[in-house]
Amino acid sequence: MRRRVYESLGVAAVLAVLVLVLQLSAGGQEKSEGGTPAPSGPAPKTALGHPDLQGIWLDEFQTPLERPAQYADREFLTEEERKQQDDDRSGNIGRNRRVERGSQQDVAGAYNAVFTSAKPTGRRTSMVVDPPNGRIPALTPQMQERNRLDREFRLALLQNTDTCKTKAPACNGGTYGPPSPRFAEVPANYNTQRMNRHNGPEDQSLGDRCMLGREPDFNAFRRIVQGPESVAIGIDTGQGQGYQRVVYLTGKHPPSSIRLRHGDSRGRYEGNSLVVETTNFSPKWPFRGAAENLTLVEKFTRIDAKTLEYQVTVTDPTVWTAPWTVRQEMKLQPDDQNRIYYEPRCHEGNYGLAALLIGARLDEKRFKEGRGPNPASQDTATDFGPGAGGPQ
Amino acid sequence: MNVKGSTIVIALVAAAVGALISAAIPRTAGETGGRGRTADGKPNFNGVWQAMNEAHWDLQAHEARPGLVTQPGIYKFDYAKVPAAPVVALGAAAGVPASLGVVTGDGQIPYTPEAAKIRQDNAANWIDRDPELKCYLPGIPRAMYMPYPFAIVQGNDKIHMTYAFSNAGRVIHMNKVEGPPDDTYMGHSVGRWDGDTLVVEVTNFNGKNWFDRAGNFHSESLKLVEQYKPISQDAIQYEATIEDPKTFTRPWTISMPLYRRLEESATVLDYPCIEFSEEFMYGHLRDKPLVTRWEGETMVVEVTRKVPEGDKLHEWYRR
C-alpha cells in the first residue's frame, strides 16, 4: 500500500485541479432540465457550411457504461429515479470508507470522496444504446479464454497474500497458497493493468506509467478546433494523461503495419454530423482488450448551440460477438476561464513510478537479509474500493 | 434568424475581402486554389508542417561534430574530438550536422555571465540534463523545430498545434481567456493577426525547458513573441523573439522557415517517447537490469561492436 501513498503525493496536485474543475462545472453551468438538451439556439455552422463543433465539451452527467439489468430495454430514467440516485450517492459513506485500520488494504484517507467527485445522475440508464439492452455484447470465446488466463496469472501473484487468506473480493476466483512460481513468468500479452509484482516499468499499469489516455474516452473534457481539412481534439482525462487527436478530412489510413496509441482518424461530414473512422490501434494501448482489429466510428452532431451529441460504434470481431454503440450528450463549457487542463504532464512529475520500483527493490533486499517479509506475501497491487482493486 | 443572416453577410464580405487580399500571398505554380486563404480571409496555415534545419542540435552556428556525445581524442583541440561510448557503435550515423544557425543579428545568444556558465555545464552534461532525453514536454519554441512534424488546425478563435514528439499539444487563443492556473511546459499562447502575420505571445512557462541539444536554456521568466509570416502557401517564416531578463542581457531572435509536408496523406504519426524513455529513466530500478552495468544510478555503457565486415582491408587484417 506504500505505493498508493507515493502516488497520492505525486498526483495530488493534478487531482486537486481536476476536482476543482469538475466542481466548478457542476456549480457554474446552466442546468438543462432533466438532462434533456434545452433549446438554446440553433446549431451553428462554420463559414464553410459544416456543423460547427468547436468549443470545450463535457458530459456533465453520470451514466453507467452498461445498463443495470433492472432497466431491461428502457433507455431513460424517470425524474424520480434520477433524484433517488443522486440522494443515494450524496449520502453514500462508502465514498469515504476505511477498511480495518492498519491492514494492507487500508490507505490513510487516500482516494475518498474528495478525489472521486460525483456528477449528477443523467437521464440515460446506460451509455450503451445499442444493443437495445444497453449491455456490451458477449466476448468471443478466444477473448474469454485470454481474459481467463490473464486473471489466472494475476491471481497467482496474489495467492500468498492476506488478500487471498481473508478471501477479500480482490482474490475472487483465487485461493490462498504458497508463493507462486509464476512470479518468474513473462505475461503472454503486453501488460496494461496492475499486478502484484514490480520487476520493472512493464509490470505497472498504463496509468502508473502515465500512458493511460486512449480512445474511446467517455469521461474527458475535450476541446474541438475545426479547420477546413482537419479537426483537432484535445482531450483532458485521467490525472494529466490527456492527449491530442488530429482527425484528417483527407487522405487515407496508413498501412496496417503502423500502429498508433490513439489510432489514425479520418473524417468526413455527413449532413449535420462529422463522422470519423479510427483504425491502426496499437496492442500496447488496448481498449478492453481490443486493439489491432478495433475500428471506431464516431459521429459528432451539434444538436443546438449548447449541445453536442457524441456517438461511437465499437467494432472488433476478435473481441466482441457484435458491434456496440455508446451515445452521450455533451454540454458546451465556458472557454474564457481557461479551465481545461490541456497540458498532460503526468510523466514529468511521475515520482510514483520510480518510488514504487525503489520500494520493491528495498522490500526484496530486506527479505533477502532476513529483515522483512517475503514480497510475494505482500499485496501491493489491489485496492479496497469497489472497481478500484484486484486483478483486472 | 437575424443573427444567422448577418453572420452570412459578414462571411460573404469577409470572403470577398479575403479574395482581394489573397493576391498578396505569392502563389506557387500548379496551385489548385483554396489553400492560400481560409474562409475568413486569413493565411491558411492548416496542415502538417516541419522545420528543415539543424536548430534542434544547436540554435547557433556550429560545425559538424563526430558524435552526439564526444570525448577528447589524442589532441587537445575541440575539432579533434572523437565519438564517446554511448554512440561509438553507431558510427557516422550518430554525428551532428553543421548549421549556419538561426539566431539573427550577430548570431550570439546574450547570456548573463552566470547563465553562460550554466549553458556550458549543460552542454558538458547533455545526457544527464536535457529534458528531451526524458521525453518531457518540449516547450515552445523548441517544439517548433524539433525533427518531427506537427499539425496546425486553424479554427475560428483557436489555433491548435499537435506535435509528433510526445503527442504534445498547444492551443493559441485568438480570443480573450484567462491565464492558466499554473506555470506550464508548453506556455500560454495568445495570438492576433497583424495583417497576414500571426503574432503569438507566449508566457507562463515553468522554466524547465531547453532550446536545443546544446544546453541553451531559459528561466521561468521567458516571454516569447512569435511571428508566423506566410512566404507561400507551403512555407511560413517563423520568428521568435526571446525575452528573459534572468538569463539574457537583451531580447534576441531566432528565425527560420517552416515547410508544409506535401505528401498526399501527410499525417502526424506520434512519437510515443514516454515508453521510449523508461529504460533510460527507470532501468536501474529493475529487478534484473537490462543494461549490464549500473553503478548505483550511473549507467556505465559498454559498447560491443564488431569491426566492419566485407571490406578487403579488414579481411586482410584478420588473417
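Q: How many salt bridges does the rule find across the interface of chain B and chain A?
A: Five salt bridges turn up there, each being a side-chain nitrogen of Lys or Arg within 4 Å of a carboxyl oxygen of Asp or Glu. This is a predicted model, where local features need pLDDT of at least 70, side-chain atom pairs count only at pLDDT 80 or more, and totals for chains, interfaces and linings use all residues. Residues are numbered from 1 along each chain as its sequence is written, chains are lettered from A in the order in which they are written, and side-chain values use heavy atoms, with hydrogens and water left out.

Q: OK, which residue does B:Glu275 meet in a salt bridge?
A: Its partner is A:Lys284, at 2.5 Å, N to O.

Q: And how many residues are in contact?
A: 55 residues of chain B touch 53 residues of chain A, with contact meaning heavy atoms within 4.5 Å.

Q: New topic: how many cavities does the structure hold?
A: There are 11 of 30 Å³ or more. On a 1 Å grid over the protein atoms alone, a cavity is a set of points where a 1.4 Å probe fits but cannot get out, and lining residues have an atom within 4 Å of a point. Points are joined across faces, edges and corners, and a volume is the space filled by probe spheres set on them.

Q: What's the volume of the largest cavity?
A: About 210 Å³.

Q: Which residues lie nearest its centre?
A: Of the 22 residues lining the largest cavity, those are A:Gly242, A:Arg261, B:Ser166, B:Asn167 and B:Ile274.

Q: How much space lies in the second largest cavity?
A: About 170 Å³, and 14 residues line that cavity, including A:Gln244 and B:Val268.

Technical notes. On a 1 Å grid over the protein atoms alone, a cavity is a set of points where a 1.4 Å probe fits but cannot get out, and a pocket is an open set with protein on both sides within 12 Å along at least five of seven lines; lining residues have an atom within 4 Å of a point.
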